Amino acid sequence: MSFCHLHLHSNFTFGKGSSSIDDFISKAKKRGMSALALTDKDGLYGAIRFYQKAIKEGIKPIIGAEITLESGYSLVLLAKNIKGYSALCHLISEMHLSSKDEPRLAMRTLKKYSQNIFALSGPKGELAAYILRGRLDLAKKRARRYLEVFGKDHFLIELQNHLLPSERVLNEALFRLACKNNLLVVASNEVYYLNQEDYELHQILVRASQIVHHQNSRATPNGEYYLKTPLQMARLFGRYPAAIVNTSLVAEECNLKLNLGGIISPAFPIPQGEKDNEYLLKQCFKRLPKKYHSPSKKVTSTLIRELEVIKRKGFSSYFLLVADIVSFATKKGIRCSVRGSASGSVVAYLLDISENDPLKHNLLFERFLNPERNDLPDIDLDFDSRRRDEITEYVLKKYPSEAALVATVPTFKARGALREVARSFGLSYQKIETLTNMIPYLPADKIRPALDALPELRENELKKKEYEKLIDVAEKVDGFPRHLSCHLGGVVISRGPLQDLVPIQKSAKGFSLSQYDKNDLEKLGLIKTDLLSLRMLGAISEAIEHLRIRRVNLDLENISFDDEKVYELLRSTKTVGCFQLESPGMRQLLGKLQPTNFNDIIACISLFRPGPMQADMITPFLERRHGREKASYLHPALESILKDTFGVIIFHEQVLKIAKSLAGFSLGQADLLRRSMTKKITPEEKEKLECDFLAGCKRKGVKKGVAQKVFGQLAAFGAFGFCRAHAVSFAKIAYQSAYLKTYYPVEFFPGLLNNEPGLYPKMVLLNEAKRCGIQILPPDINESKGKFSLEDGAIRVGLSCVKEMGPSSLKEILKKRREQKFNNLEDFRLRVNIERPLLENLILSGCFNSLNGKSIHHLLRTSQIFSQLFKNNNNNHENKTLLEIDLLGLTVEYHPLIAFKKNLDKIERVKSSELSAMSEGKTVKVAGVKVILHTPPTKSGQRVIFLTLEDEEGLIDVTVFPSAQKLCASDIFEGDILLIEGYVQKHGFAVSLIANRASCLRKMTNY
């Protein structure tokens, strides 16, 4: 080792580091460097991926961080070994958790965790600051303090030469200070970017962080802060050759070895004298008679097999821990459900983690936990979205030193990159919105191809030469980490202090948050449990609460799952508000499938995904489901496995059973085969899999030709298969939501409106409620609650819908009203202190209509908003409706299309309720509010726009193929209320339109 960079910032020094970890390591390797240190600012955010990538490329990884002290100065700290790494995790955690604002490290904390760590004095350290101020006495004093903390061999004087005028004098003074105190000097280049030409990108990122994120950040004073070669460094430090040599001495002593790939199962507190394996076994057999009244041999043998695998893998405590979380939720009345493959476990069913009997639904434990792989268990729990934080708080309080939320690192995509870079260029908000509002969700390095290919971007100003640099910079930051954020529900729980392995900081809500994302935690062997927030569970819980007020005690767990009226609703495709069953494509599938039983719902959820659609799995399933094509089986053993899906391989569990039945694989081996098929593999890998499968089939007496065909089916369908266990869990919630819409819509819709669990906004849900015969009451200052509420069988719009209504204003209004209802507008104005715009919005949205008071007219006439509306004849339905949309985001009495009635009356248009009577292929015109627009992957690879409009009587699904997009893509993306011309297409009971033309109604009518 000749020279090693010991002070390097990657783009995980958010908003300042301007090159990626991968790029740094690749360049270091090309330049023959044998070691490299990562020292991002106040955190180890990229440490694990840096460590793994460096090891892979044959470079010794040194993990460190540049830490901000309580004095505001900084030190560079490097971990010598695993103990040093652990110390680094602890001190970073304490500095973040103990600081109210910016993270700062107290000296007492530094002293506490100083063992097995190298400290570099740093260019922004106290020693350098005092020397530059001419206070050599203070510099010597602070040097002695650091010597006391780290020891002579571990506190190093850092010299830098970025060709700045001050550095020559500073280095000379630091060198003399080191000599007098018998300290080592090390040379460093404080690296922020890979190449000298990347300096401009660095400046742009810093400027963006200042403007967008209000960070107190500064760019480097010149372009010398790049990854220099050992030769360049040797030339720069010709006066101090020892400083170059000493970097390699530090690197030689840094020998961190992380145990990646192991498993650290969390500990659960069990009664004294018990072992977790025995305690789990007792709990399962204790609950066995309750779940299986007369347990069969199959049940007990399955249970014993699962317990043996769990014991062997060391996961007994983990299962007990998850069961405890579910138990807490149940006791608190928080609705909970499990998702994913965990539903395939009998142990999970007995512990009430899952409510689905895996044997009844033909689920497999091996799909969840493969006994032949060193997998981490993955139990994902869904909770009522309104109360999920209670669950998180319970876990973090019960395991204060072992648990934290899992982080995620959002990265720059096209739109975000363009917006932040444009802000740093000084562009106005309005201009940025004009440039980016139609840029789709795609990588930033795909902006130019999108501008060339997408019709709606044909006239976009980004194509102008003046914006070339903007796109250039946006492309360069593609995939860059933006900041640390919280995973949607991930919690990590360790065995022992989590800070031994993971640095912690605070989340926005004040919870402990790991600095590593789920992938990095998994590499460390830590198990993530997802405590997810599911809005539909909130909507269902709210409906149950409304029913209880009516003294209707509905137990959704014990309703019939064979209710004909529920399936009649599903067959009608009027499923807005039904979990997983309301999207345009799903409604079309329901219309084609015409479900009659619970297995049909499971099939719908499993088939309606990009993979099965691209693989054309839906067509053969439907043809066989309706008897238009006969189900066939290549081997008699396949009939019992594929009978429920008419010979079509849909589920992962079916792949496992086929491999077991025909090839004699164990279920664990079969799952390895399944996993291999779900990812891209080389032809050689596929050939080996086939050889193993064929060899197994031969041993079982299956003919080679049959075995080859079966393998071909597994390869074709297995890659797009779905986990049946997950589908069963979601199908249950889907059915329950459909049941509530069928029998208790009045109680169900307030829950939907307050939780918004699906695709559709409040306006669509409110209109659907109207179509179900439910009366909608306008917002009222004395009657409305904060959210939507039930009032004598009608739904009252909540005050929180009013534009400009914030939490504090709402809280004050409700507080004053509890004291005494408002008599008139003057009474309200005297008692409630709110801003004028909100007061005007409350008046104009009708909140005071039920009150008497002459003063209302005075206020209205002096209101700037009202004056304009008065000119536009505010008393008509059109303006009232548009006003409601603007102020409430919904319409109480009329549909938004009433505002365009005069124009629409001149057009021979068809309403949604009339489409089913139209013959297939007939060309018609429809109009509606745009409520959904998406462009999922297609089999052809071409972009297809799937659009949903809503008119006065329902939803209209529209498909826009590329040929039509050339004519109308801009109007479709820009417009909110559209007129579409197209021809009718039918799918069973579902009807849709294939668009030929589209136009924006607002443009046509000047609204």
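## Helix H12

In helix H12 (residues 297–313), the buried residues are Val299, Thr302, Leu303, Glu306, Leu307, Val309, Ile310 and Lys313; buried means under 20% relative accessible area and exposed over 50%, with a 1.4 Å probe and protein chains only. Seen down the axis of H12, these buried residues fall within an arc of 160°, so they line one face of the helix. The arc is that of the directions from the helix axis to the C-beta atoms. On the other side of H12, Lys297, Lys311 and Arg312 are exposed. Helices (H or I, at least four residues) and strands (E, at least two) are DSSP runs, numbered from the N terminus.

The model is predicted: local features need pLDDT of at least 70, side-chain atom pairs count only at pLDDT 80 or more, and totals for chains, interfaces and linings use all residues. Residues are numbered from 1 along each chain as its sequence is written, and side-chain values use heavy atoms, with hydrogens and water left out.

The buried residues of H12 pack against helices H11 (276–291), H13, H14 (346–350) and H15 (365–368). Glycine 314, with a positive phi near 80°, follows H12.

## The largest nonpolar core

The largest nonpolar core has 136 residues, of which Tyr85, Phe319 and Leu381 touch the most other members. Such a core is a set of buried Ala, Val, Leu, Ile, Met, Phe, Trp, Tyr and Cys residues joined through side-chain atoms within 4.5 Å. Helix H13 (residues 316–331) gives the largest share of this core, ten residues. A second, separate core of 131 residues includes Leu569, Met763, Val802 and Ile834.

## Leucine 381 and strand E8

Leaving aside neighbours within four places in sequence, leucine 381 has contacts (heavy atoms within 4.5 Å) that include Val322, Ile325, Cys336, Ile353 and Leu532. Strand E8 (residues 380–384) is mostly covered, with five of its five residues buried.

Strand E7 (residues 336–339) runs antiparallel to E8, and four bridges join them; two strands pair if DSSP finds at least two bridges between them. Cysteine 336 has phenylalanine 383 in E8 as its bridge partner. E8 and strand E13 (residues 528–534) run parallel and are joined by five bridges. Here leucine 381 is partnered by leucine 531 of E13.

## Helix H1

In helix H1 (residues 21–30), Ile21, Phe24, Ile25, Lys27 and Ala28 are buried. Down the axis of H1, its buried residues fall within an arc of 165°, so they line one face of the helix. Strand E1 (35–41) and helix H2 (47–56) are among the elements that cover them. Just after H1, glycine 32 has a positive phi of about 75°.
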